Amino acid sequence: MAKREALSSVDAAWLGMEDPTNLMMVSGILTFDEVLDFDEFIQVVVHRWLRFDRFRQRVVHPKRPLASPQWEFDPNFNINAHVHRVALPAPGDYHTLQNMISDLMSTPLDYSKPLWQCHFIEGYEQGTVVMSRLHHAIADGIALMYVLLSMADTSPEASRQHPTVQTDETRRERSGRFGLLGSLARQASTAVHTARDVTGLLVHEGLETVNNPSHAVDRAVQGTEAALAAGRLIFRTPDPKTLFKGELGVAKRASWSRPLSLAEVKAIKNVTGGTVNDVLVSAMTGAVRAYMQQRGAPVDGVSFRAAMPVNIRPPEKMEELGNQFGIIYLTLPVNIGDPLDRLVEVRRRMEELKNTPEALVAFGILKGIGMSPAEAQIRMVDMFGSKATVVMTNVPGPQMPLYIAGKELAGIMAWVPQSGRVALGLSIISYNGKVFVGVNTDEGLVPDPDTIMDAFYAEFDNLLELARQVEALPKPAAPAKRANVALVN
């Protein structure tokens, strides 16, 4: 019998959350302005993607009662069952691609095989799009970013040179010999080195976000602060009923932005204070408010929460797949109409959350979900979901051009599942001086995510115009320098 490995309790929790109306998949697209060679892309998948054992393993359920699900190498693994070459129908524009992405996002993975698929989509404008779908039990957003970076290199030539396929064991041996800092200091020459290198830059040069609150770990695992945080999570009142709340259906819709200038986002935050993340979250909040107003829904006095994943994976474990994140709840000030006032309030609320141990406590609760019977899992997932209306993610990417199979990666976007039966997801990703924003929705409740995206553009432009006006104001004159006068007694 093939060697098996039990799923971690958190990974098992994500597996158990799967529902026909809420698939636990992380979906992402890589866009190229040039045509990618399919055979070269297959080599990238074979040598760079499949070096992670998890992508050759399927989930099996032991027959013993209450036994945990396990990973097992698929004895019939065939890459052709996972990488599909498809042509985008005419006219090959954004809306055509959007329909295809939305359909794939609504289609479950085959549980008899390793839980991932890639679609190599040809005919989009003048280039190629690669869509990946993998189950959340395999990896969270940060781990997925690492996997995607492992497929890339920092030059066209290096991206065509593939290392020998490695196993998790040999990769751990290599990591132990050289260490993370040593690998970051050397010029990357293989996919492993490249991923480590750009992951280091990802941490230091990406969007400001709610990073690992490592200074709160000790307080979170012991003492009254953890108990208080757990109490706040469990006894927090459910979010109010809005047009985003309701019974989910199978069909999902995806939308994503044109590339935004990271320099412009930073220009706004430099004038208004706070972080890049504050600016984007505020603009997204304004977009959701505008959407509600267009649909005739009340916004006065309305606020609801966004469940925001927080990375708790230490830098030396960036190579590890699986799920290592907690959750914090940010109350979005949907009731505030003025863009600047809203941004100030978002910044204040984000500051309050930065020292909370709630993310680590939530991680512990997720572990508990994974070890619970199915009926208890459903109740706990519903409890988590009732306290949020939106799932909002922010995954920072490297601020340098990357290449796959000799072609430059033009853009990247990813959408996370709406765990807890939430109908609305908002995603933020940065890459190479650009920011990409995505929306995914339940089609029955929010059939037109493009409307939210259009409102986001308007909110962002308003903030940018405010920043420009402030910058155009005349600077106050510098005080005149006093003449040096010698005092004589």
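Visitor: How many helices and strands are there in the protein?
Guide: This is a predicted model, where local features need pLDDT of at least 70, side-chain atom pairs count only at pLDDT 80 or more, and totals for chains, interfaces and linings use all residues. Residues are numbered from 1 along each chain as its sequence is written, and side-chain values use heavy atoms, leaving out hydrogens and water. Helices (H or I, at least four residues) and strands (E, at least two) are DSSP runs, numbered from the N terminus. On that basis the protein has 15 helices and 17 strands.

Visitor: What share of the residues in the protein is buried?
Guide: Buried means under 20% relative accessible area, exposed over 50%, and partly exposed in between, with a 1.4 Å probe and protein chains only. Out of 489 residues, the buried ones make up 57%.

Visitor: Is Thr154 buried, partly exposed or exposed?
Guide: Thr154 sits in the loop between helix H4 (141-150) and helix H5 (168-178). Its relative accessibility is 30%, so Thr154 counts as partly exposed.

Visitor: How far apart in space are Thr154 and Ile404?
Guide: Along the sequence, 250 residues separate Thr154 and Ile404. In space, going C-alpha to C-alpha, the two are apart by 9.0 Å.

Visitor: How are H10 and H11 oriented to each other?
Guide: Axes are lines fitted to C-alpha atoms, for helices over the stretch in contact, and angles run from 0 to 180 degrees between N-to-C directions. Helix H10 (residues 262-272) and helix H11 (residues 276-294) pack with axes 8 Å apart, at an angle of about 100°. Angles under 35 degrees count as roughly parallel, over 145 as roughly antiparallel, 65 to 115 as roughly perpendicular and the rest as oblique. H10 and H11 are therefore roughly perpendicular.

Visitor: Which residues in H11 meet H10?
Guide: Contact here means heavy atoms within 4.5 Å. From H10 come Leu262, Val265, Lys266, Ile268, Lys269 and Thr272, and in H11 they meet Val276, Val279 and Leu280.

Visitor: In what order do the 5 strands of the open sheet come?
Guide: Two strands pair if DSSP finds at least two bridges between them. The pairing in this sheet is mixed, and the order is S5-S6-S7-S2-S15.

Visitor: Which are the edge strands?
Guide: An edge strand here pairs on one side only. The two are strand S5 (83-87) and strand S15 (411-415).

Visitor: Which residue in S6 stands opposite Arg85?
Guide: S5 and strand S6 (residues 116-124) run parallel, joined by 5 bridges. Opposite Arg85 stands Phe120.
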